[in-house]
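Subject: A structure for you to look at

Hello,

Here is the structure I promised to pass on. Please have a look at it first, and then read my notes below.

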Amino acid sequence: MNAWLADEAATIAFARNFLDTLPADLSGWTVLLKGELGAGKSTFARALIKAAGHDGPVPSPTYTLVEPYSLPRGNIYHIDLYRVSDEEELRYLGWTELDDGCRLVEWPDRAPGLAEQADLELCLEYEGSGRRARLEGLSERGLAFVSALASAYSED
Ligand SMILES: Nc1ncnc2c1ncn2[C@@H]1O[C@H](COP(=O)(O)OP(=O)(O)OP(=O)(O)O)[C@@H](O)[C@H]1O
Ligand SMILES: [Mg+2]
């Protein structure tokens with residue numbers, strides 16, 4: 001599916017709808033967030049984390065690689081692999097320990113093979129003064145999720 005996000009508020013609303021469409025128990029879901037610098041990956045992640053009940057700042061995980069949130073619907077791990085350049089660094093992340101939560105991953109291409117374990121891929125592209133969001137399901141439940149969300153954003 002794809003959706004037009006005219007401004008930041010639209011990105012935030014999209015993240016809220018996205019969260020509402022996920023199952024009550026978020027554990028085990030992996031969402032890849034793609035797009036150029038400043039495309040809105042962190043804006044989306046921040047809005048989703050806040051909509052899930054986090055009250056407070058959502059710092060960028062660029063330096064820490066992962067920022068964990070313990071929330072009523074389960075853990076959310078906001079991950080940013082932008083600075084990761086080799087497999088050694090990825091090992092520090094302790095990927096398997098993050099299995100119990102929902103993983104929101106910015107710059108997922110830095111981790112080869114991650115797409116095979118992921119459920120959803122959200123690409124944000126610059127378009128005019130806003131953004132185009134393209135969402136793809138990568139797993140069976142991811143595909144079902146996209147159909148469900150598409151009914152709320154029926155453009156394509
Ligand atoms: N739909 C939209 N239309 C226009 N501007 C938007 C939209 N959504 C978010 N923005 C703005 O674009 C910027 C996105 O910054 P953000 O940090 O979220 O990007 P990012 O993709 O995480 O970048 P990075 O690759 O550096 O991590 C913010 O200034 C935000 O206000
Ligand atoms: Mg970011």
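A word on handedness to begin with: a crossing is called left-handed if the near helix is turned anticlockwise from the far one by less than a right angle, and right-handed if clockwise. Helices (H or I, at least four residues) and strands (E, at least two) are DSSP runs, numbered from the N terminus. By that convention, helix 1 and helix 5 make a right-handed crossing.

Please keep in mind that this is a predicted model, in which local features need pLDDT of at least 70 and side-chain atom pairs count only at pLDDT 80 or more, while totals for chains, interfaces and linings use all residues. Residues are numbered from 1 along each chain as its sequence is written, and chains are lettered from A and ligands numbered from 1 in the order in which they are written.

Back to the helix pair. Helix 1 and helix 5 (residues 140–150) pack with their axes 10 Å apart, at an angle of about 125 degrees (axes are lines fitted to C-alpha atoms, for helices over the stretch in contact, and angles run from 0 to 180 degrees between N-to-C directions). The two are therefore oblique to each other; angles under 35 degrees count as roughly parallel, over 145 as roughly antiparallel, 65 to 115 as roughly perpendicular and the rest as oblique. On the helix 1 side Asn17, Phe18 and Thr21 meet Phe145, Ala148 and Leu149 of helix 5, where contact means C-beta atoms, placed from the backbone, within 7 Å. This contact has four nonpolar, two polar and no charged residues (Ala, Val, Leu, Ile, Met, Phe, Trp, Tyr, Cys and Pro count as nonpolar, Asp, Glu, Lys and Arg as charged, and the others, Gly among them, as polar).

Among the residues in the contact are Ile12, Ala15 and Leu19 of helix 1 and Phe44, Ala47 and Leu48 of helix 2. By class, the contact of helix 1 with helix 2 comprises eight nonpolar, two polar and two charged residues.

Strand 1 runs antiparallel to strand 7, joined by four bridges, and leucine 5 has arginine 131 in strand 7 as its bridge partner.

Finally, what surrounds ligand 1? There are 16 residues around ligand 1, the closest being Leu5, Thr11, Lys41, Ser42 and Thr43 (near means a C-beta atom, placed from the backbone, within 6 Å). Helix 1 (8–21), helix 2 (41–51) and strand 7 (130–137) each give at least two residues to this shell, which has four nonpolar, seven polar and five charged residues.

Best wishes

Definitions and conventions. Contact = placed C-beta atoms within 7 Å. Pairing = 2+ DSSP bridges.
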